Amino acid sequence: MATVAAASLSFPVINMEKLETEERGAAMEVIRDACENWGFFELLNHGISHELMDEVERVSKAHYKNIREDKFKEFAARTLEAGEKGADVKDVDWESTFFVRHLPATNLADLPDLDDRYRQVMKEFASEIEKLAERVLDLMCENLGLEKGYLKQAFVGSQGAPTFGTKVSSYPPCPRPDLVDGLRAHTDAGGVILLFQDDQVSGLQLLKDGAWVDVPPMRHAIVINIGDQLEVITNGRYKSVMHRVLTRPNGNRMSIASFYNPGADAVIFPAPALVSDVAAEEKEGEEGVAVYPRFVFEDYMNLYVQHKFEAKEPRFEAMKSDAAPIATA
């Protein structure tokens, strides 16, 4: 499959300050096109202070160096030895990672090996990312013609909150990029993903029109990508897209990906207003068709963990065939 690095030159980038000016319409159009045709876009001037982002980067890279690097080197040596002896290691991801849960209840205090400063910085960063996620969802509502707050409310389960957490990853240099990927190609299962990525070391790519396109590293940017649940709720107007992380022979790529997902027992289904829109486009007066099934998010996740690195369409089909009546009142 081809790689088109040059296509990243047209990668959608939105300066959020323009949303407060006469250029708002143009900026909203870039967001609409990105959601419908890319599945990814990049935000500048998003309201999270550069000082906080610099501190998050500093403590995250120091944590890897001081706590996680030696363990990763042991894994790397085993993986390379196996690969060079002819074993297939393409089902291995060349990453060092841990997960912080924020909502509905945080586990930040329970994670081992994090110093107090790291916990404080990650708590502050998560608060800012949560606010940005909700702002992005409302911008999507505006573009989709949905009532403000619809998408946020769609993610709320019985505990009155979304599932929200952060995956902190390092992709250390790999002397044999031909043997192993940093992270295998997949779509994200959840709602909206907000990524603070290294601006010095590239590696993230998305699949567009049959070619792999670089997601360009940009200083102090937040990358947004659409998960499977937004594809369902928008009845296919927005699409989650396959993406991957390549290994690099030089540089240790930092990735801090925050996942703003539905609550575990949230019932996910196409927004009725968007089902009606499909009908109106096809034939006026015709009853709308929900292209995607209605399901409980946790049920989808249970299927996803078994088939993460496979195409998403069979997952949607499985949810259709396995669907049981779901109480909505």
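How many aromatic pairs does the count come to? The count comes to 11 aromatic pairs, where rings of Phe, Tyr and Trp (its six-membered ring) pair if their centres lie within 6.5 Å, with planes under 30 degrees apart called stacked, over 60 edge-to-face and the rest tilted. This is a predicted model, in which local features need pLDDT of at least 70 and side-chain atom pairs count only at pLDDT 80 or more, while totals for chains, interfaces and linings use all residues. Residues are numbered from 1 along each chain as its sequence is written, and side-chain values use heavy atoms, leaving out hydrogens and water.

**Aromatic pairs**

- The ring centres of Phe155 and Tyr260 lie 5.9 Å apart with planes at 35 degrees, so this pair is tilted.
- Phe155 sits in the loop between α4 (150-154) and β5, and Tyr260 in strand β12, 105 residues apart; helices (H or I, at least four residues) and strands (E, at least two) are DSSP runs numbered from the N terminus.
- Phe155 is buried at 0% relative accessibility, and Tyr260 is buried with a relative accessible area of 0%; buried means under 20%, exposed over 50%, and partly exposed in between (1.4 Å probe, protein chains only).
- The rings of Tyr292 and Phe316 have centres 5.2 Å apart and planes at 90 degrees, so they meet edge-to-face.
- One aromatic cluster is formed by Tyr292, Phe295, Tyr300 and Phe316.

**The sheet**

- Seven strands make an open sheet with mixed pairing, in the order β2-β3-β10-β7-β12-β5-β4; two strands pair if DSSP finds at least two bridges between them.
- Its edge strands are β2 (13-15) and β4 (96-103), each pairing on one side only.
- Strand β5 (residues 163-171) pairs with strand β12 (residues 253-261) in the antiparallel sense over 9 bridges, and Val168 has Ile256 in β12 as its bridge partner.

**Nonpolar cores**

- The largest nonpolar core has 68 residues, of which Phe41, Met140, Leu151 and Val192 touch the most other members; a core is a set of buried Ala, Val, Leu, Ile, Met, Phe, Trp, Tyr and Cys residues joined through side-chain atoms within 4.5 Å.
- Helix α3 (residues 116-144) gives the most to this core, with 14 residues.
- Another core, of 16 residues, lies apart from it and includes Leu183, Val213, Val215 and Val241.

**Confidence**

- The protein averages a pLDDT of 92, and 91% of the residues score at least 70; pLDDT is the predictor's confidence in each residue, from 0 to 100.
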